[in-house]
Amino acid sequence: MHLSSKDLLGMKELSATEIELILNTADTMKLVLDANSKKTAHLQGKSVITLFYENSTRTRLSFEMASKFMGASSANISASGSSIKKGESLIDTAKTIDSMATDIIIMRHQQSGAPHLIASRINASVINAGDGMNEHPTQALLDMMTMRRHKGTLEGLKVAIIGDLLHSRVARSNLWGLTKMGAEVRLAGPATMVPPGLDQTPAVWCPTVQDAVSDADVVMGLRVQLERQQSGLFPSISEYARFFAIDEKTLSLAKPDALLMHPGPCNHGVEMPTAVYDSPQSVINEQVTNGVAVRMAVLYLLASRRNQA
Amino acid sequence: MNILVQGGRVVDPAAGTDEIRDIYVSDGRITTADDFHADRIIDAAGMTIIPGLIDAHCHLREPGFEYREDIVSGTRSAAKGGFTTVACMPNTSPVVDNTAVVEFIVNKAREKGYCRVLPIGAATKGQKGKELAEIGLMSEAGIVAISDDGSPIERADMMRKAMLYANQFDLKVISHCEEMSIAEGHMNEGIVSLELGLRGIPAVAEEIMVSRDIILAEYLKLPIHLAHLSTARSIDMVRQAKARGVKVTCETCPHYFTLTEEACRGFNTMAKMNPPLRPEADRQAIIAGLADGTIDIIATDHAPHHSDEKDLEFGLANNGIVGFETAFALGYTWLVRGGHLSLAELLSKMTSGPAALFGLGEQKLEPGYPADLVIADLDTSYVFDRDKIAGKARNTPYHGFELFGRVLTTIQGGKIRYEA
């Protein structure tokens, strides 16, 4: 079993079988993380570059740790310390990196479709680590891995995703991925932050957070960028918290064993109160661990596909 | 040079004729067989002779953006597409808002162009929407309409002044209809923009301004021309306004009746334009508007860009596509062969429609009229190849399309301007 593409661009591009392959592989990788000696030779002799045009702590670190655990040579490029600041085009930058015998480029970019643009022009595999408002596939995969480990299957799960749906690539990737795997995705948030066209997707739009959370197996909060308030998307932080936060009362509407998730970083008291963030139902820190396992799996699968080719 | 175009099917919508006959060209005009000695005989048997096309809306990029296109390359491309007259928009650098720039374009086109160029002047200075441009003086220098195309006139008060003042000089205002505050996106707003994670431009961004401009025209009892309409509701509003007697005319472009927002998939920047490509229902409504006469004109909105401005992240790529060399073939293939319009109706929208907008007078393929005509092959299909474009730019979504209606020869002012 191999991935059909040399790149991981989005959940839209993956089949259900491929998603399953990645999740199964990630479960195996998790054993490596739990072991005493966190070292494999899966990426020995491979070179991995992270190319980040946007700030990131956990995603970048997670990819870096994943490639180090598997023995890759890795290097990092960020927008501030390279020719990017000198106005080099994305295609030129990508070709330059590609010309240094690079096997895998992990890219985050503020423009939707940026990884797609370079993927077709270079030999290296491209992993999308977040592109604009489009996708963040490894986040969705680590979320799905976390859900599956607790619930056994994704099929039939009721997943409520709450918050800024308009700007969220995490929400989009989860929507495409989860519905492909047979889960029911319910969305809620301020009506000003709902992407038009949602009615033509498999998602169920809920007018209130309570509607979305009721009887849910998973409740996921999304990060709200507080500066969105200035562009008129919601009146104030406190009003947002009053109507759109996942508080204890709201969470109690979900199934008793429902999981609470958040892609991080969380604005405590906005998306959810600290008590909820730290509640026994919260698997937020486990998501982070699973993120490393998922990224190891993706790196491994793309690298072994390259070996076959 | 005396040219005899022999044995072609002559389709002349202005004269209402469609017959096989010879055309005699002498001294820049069509003449009769009497005492005619041909220097050149073109065998047009099996081919179709149509009037030279007029483009009501294009961007020649000169002065200021010659790396994209210039008057010579742009008119060469226009001639290859069967255009004998093109009207160019004023969003150059400097903007066409004074007589010096108008004269520069007119003179350059006259000396070096491959077809007639009619400049459209800016409605406001610098196209900034604040003060009227010198419309009267530019009119004397040769502009044929005014428009702030590319940057819509935001204030209703400014639009009213532009309409009132332009009318005094027998010029019409061409309005680029876009309510900018709700148009901050990169493609049509809907399921495809959601799936691509791109910001959308809703249809209402266009429709709000279409509605405002129609209301103003009705109130002032003055004409208005609406550029590149792309949505069903826009067409509907124009249809109703026309029925009420409002002096509104409008145009669409070939991309709005041939493509939909689906073309943006894969982050295809060749499908990025403004207004954006719309869903199928809008495409159908555009065709219906063309068929019932609501839409008067098919314009190209020829918008050349350098590959460096298109080979980019979708959100950073420029809007627009080149259009001269595909416009007639797309109209012929989709509308005429598609059974929506007769050839004469298609030609009216690419000849008499724009001529009326600019007050150019009648053009017929009969003795005495200027020899602006095109020989086209309507029956053999060809594959459009962007690498053979006669202009500088290659930004087209139609590369590899199989089309009918290839232009073989373009004669303008009695001279052969293009020959395949």
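A: Two residues are in contact when heavy atoms of theirs lie within 4.5 Å. The model shown here is predicted. In chain B, taking contacts between residues at least 6 apart in sequence, 74% join residues at least 24 apart.

Q: How many helices and strands does chain B have, and what does its radius of gyration say about the fold?

A: Chain B has 12 helices and 18 strands. Its radius of gyration is 20 Å, close to the 22 Å given by the globule rule for 420 residues, so chain B is as compact as a globular protein of that length. Along the principal axes, the C-alpha atoms of chain B fill a box of roughly 65 × 45 × 45 Å.

Q: What share of the residues in chain B is buried, and what part of the accessible surface belongs to carbon and sulfur atoms?

A: A residue counts as buried when its relative accessible area is under 20%. Of the 420 residues in chain B, 60% are buried. The accessible surface of the chain comes to about 15300 Å², and carbon and sulfur atoms account for 48% of that area.

Q: Which parts of chain B are linked by the salt bridge of B:Arg68 and B:Glu309?

A: The side chains of B:Arg68 and B:Glu309 meet with an N to O distance of 2.9 Å. B:Arg68 belongs to the loop between β6 and α1, and B:Glu309 to the loop between β15 and α10, so that distant parts of the chain, 241 residues apart, are linked. B:Arg68 is buried, at a relative accessible area of 10%, and B:Glu309 is buried as well, at 13%.

Q: Where do B:Glu207 and B:Arg233 lie, and is each of them buried or partly exposed?

A: These two side chains form a salt bridge of 2.6 Å, N to O. B:Glu207 lies in helix α6 and B:Arg233 in helix α7, so the pair ties together parts that are 26 residues apart in sequence. B:Glu207 is buried at 6% relative accessibility, whereas B:Arg233 is partly exposed at 46%.

Q: What is the closest N to O distance between B:Arg212 and B:Asp213?

A: The closest N and O atoms of this salt bridge are 3.1 Å apart. B:Arg212 is buried at 15% relative accessibility, and B:Asp213 is buried at 0%.

Q: Which residues in chain A are linked in a network of salt bridges?

A: The network links A:Asp27, A:Arg148 and A:Arg149.

Q: Which side chain of opposite charge is nearest to B:Asp55, a buried residue with no salt bridge?

A: It is B:Arg61, at 12 Å. B:Asp55 lies in strand β6 of chain B. Beyond its sequence neighbours up to four places away, B:Asp55 touches residues including B:Phe83, B:Val86, B:Ala299 and B:Phe324.

Definitions and conventions
Residues numbered from 1 in each chain as written. Chains lettered and ligands numbered in written order. Predicted model: local features only at pLDDT ≥ 70, side-chain atom pairs only at ≥ 80, totals over all residues. Heavy atoms only, no water. Salt bridge = Lys/Arg side-chain N within 4 Å of Asp/Glu carboxyl O. Helix = DSSP H or I, 4+ residues; strand = E, 2+ residues; numbered from the N terminus. Buried < 20%, exposed > 50% of the residue type's maximum accessible area, 1.4 Å probe, protein only. Lys, Arg positive; Asp, Glu negative; His and termini not counted. Rg over C-alpha atoms; globule rule 2.2 N^0.38 Å. Areas by Shrake-Rupley, 256 points an atom, 1.4 Å probe, with all protein chains shown as cover.
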